[in-house]
Each structure stands twice: as C-alpha cells, then as structure tokens.
Amino acid sequence: MSNKTTRDEIIEAADDLFYRQGYEHTSFADIADIVKISRGNFYHHFKSKDEILDAVISRRLADRKAMLERWEIDGETPEDRIRSFIDILIVNGEKIKRYGCPIGTLTSELAKLNHTARGDANQLFTLFRTWLRRQFVALGRKADADLLAMHLLARSQGVATLSNAFQDEEFVRQEVEQMYGWLRSCAAGAAPE
C-alpha cells in the first residue's frame, strides 16, 4: 500500500509530464488525467501551474541531494563518486535518448520562457557543480576544482543533448569511456585535456 498523498501524486505526475512534454505543453488537465482526480480536487492542492512547478523543482532538488548522499556513502574515493556522476549517462540512457536531460531540458525551457522559476531550476545545476567541486578538491585538485566541475557538467550536458539528437548509444558509451580516462588523468594529477 502506498503512503503517497494526492499532492505527492500530482507532483510526481507533473514532474514526469514536464520532463516528457515540457512545462509549457503540460496542462492541469493532463496532470489531473494521470492522477485521476477532478479539477476541483486538483485546485484544492495547487492554485496554479507555477505552484506545481515550484513543487517539482523542490522534489528534483530533494531527489538529487539524496542521490548525491548515496554516492558519498557508496563511493570509497572521490574518483569513484565522480564516476557515479558520469554513469548517469548510461544509467538513464534510454530516458536521456528519448527526452534529453531532465535538468537541462527544464532549465533551457524556463530560460526560453524567461520564467521567474528559472533561477530556482538553475539550483539543480548548482547542486551538481558544488558537489563535483568538492569531489575534485578531495581528489587533490583544489586550484582548478571549480573549472573541472564545470567542464564535466558541460561535457555531460553536451553528451545528453547529442544522445537525444542522434539516438546513438555507441557515441554515449565512447564519450563515457573518454570521461573515465579524463577523470583518471585528473586523479593522477595530470593537466586534464
């Protein structure tokens, strides 16, 4: 038996629809249909689509923080933990190939719409940037930790975008292997390529 509240179900459905269809192309009716509630009951929980968006961003932040905490526990070394980040491209490969990166697509869409929540959505990238920077510092790369974190974020976003555009799984595997090699050179203290 599920302990999810109707509000939780709405947020979960909206999160999925915003990812698959985009924020702008998702309506209250789309979400209500999935959750199987009346519009009146829907408005009891959320008065506007922007309120739902705020809840979705908060959920994504909480989920990503929990994921990073798991990586902290599971990864014995900073290199192991950074590899977990790189592995997202493989673990979520089918979804990324079909819909793009859930964080990248949302932040891009909100930026295009000049939506007031775009700064909140950018917190998702900031969360990863801060976490990666900390891992690179622990790896002994304090002087260039932020640069390395941003490089890895940019590269993973590029791979996700091209995966979605070209539907090429072999390309993704090759890029992941190259990122592993790049990470090994960072860990060895070499200047990254």
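On the surface there is a patch of negative charge, where D50, E51, D54 and D120 gather. A patch here takes residues with over 30% relative accessible area and no salt bridge, with like charges joined within 9 Å. A salt bridge is a side-chain nitrogen of Lys or Arg within 4 Å of a carboxyl oxygen of Asp or Glu.

This is a predicted model, in which local features need pLDDT of at least 70 and side-chain atom pairs count only at pLDDT 80 or more, while totals for chains, interfaces and linings use all residues. Residues are numbered from 1 along each chain as its sequence is written, and side-chain values use heavy atoms, leaving out hydrogens and water.

Which helix gives the most to the negative patch? Helix 4, residues 49-74, with three residues. D120 lies in helix 8, residues 118-138. D120 counts as partly exposed because its relative accessibility is 34%; the partly exposed range lies between buried, under 20%, and exposed, over 50%, with a 1.4 Å probe and protein chains only.

Next, R81, in helix 5, residues 78-91. Its relative accessibility is 12%, so R81 counts as buried. Apart from neighbours within four places in sequence, R81 is in contact (heavy atoms within 4.5 Å) with W71, E72, G75, E76, W131 and Q135.

Now the whole chain. It has ten helices and zero strands, taken as DSSP runs of H or I with at least four residues for helices, and of E with at least two for strands. Of its 193 residues, 42% count as buried.

Conventions: Patches are made of residues with over 30% relative accessible area and no salt bridge: like charges are joined within 9 Å, nonpolar side chains (Val, Leu, Ile, Met, Phe, Trp, Tyr) within 5 Å. Accessible areas come from the Shrake-Rupley method with a 1.4 Å probe; for residues, only the protein chains shown count as cover. Lys and Arg count as positive and Asp and Glu as negative; His and the chain ends are not counted. The place of a charge is taken as NZ of Lys, CZ of Arg, CG of Asp or CD of Glu.
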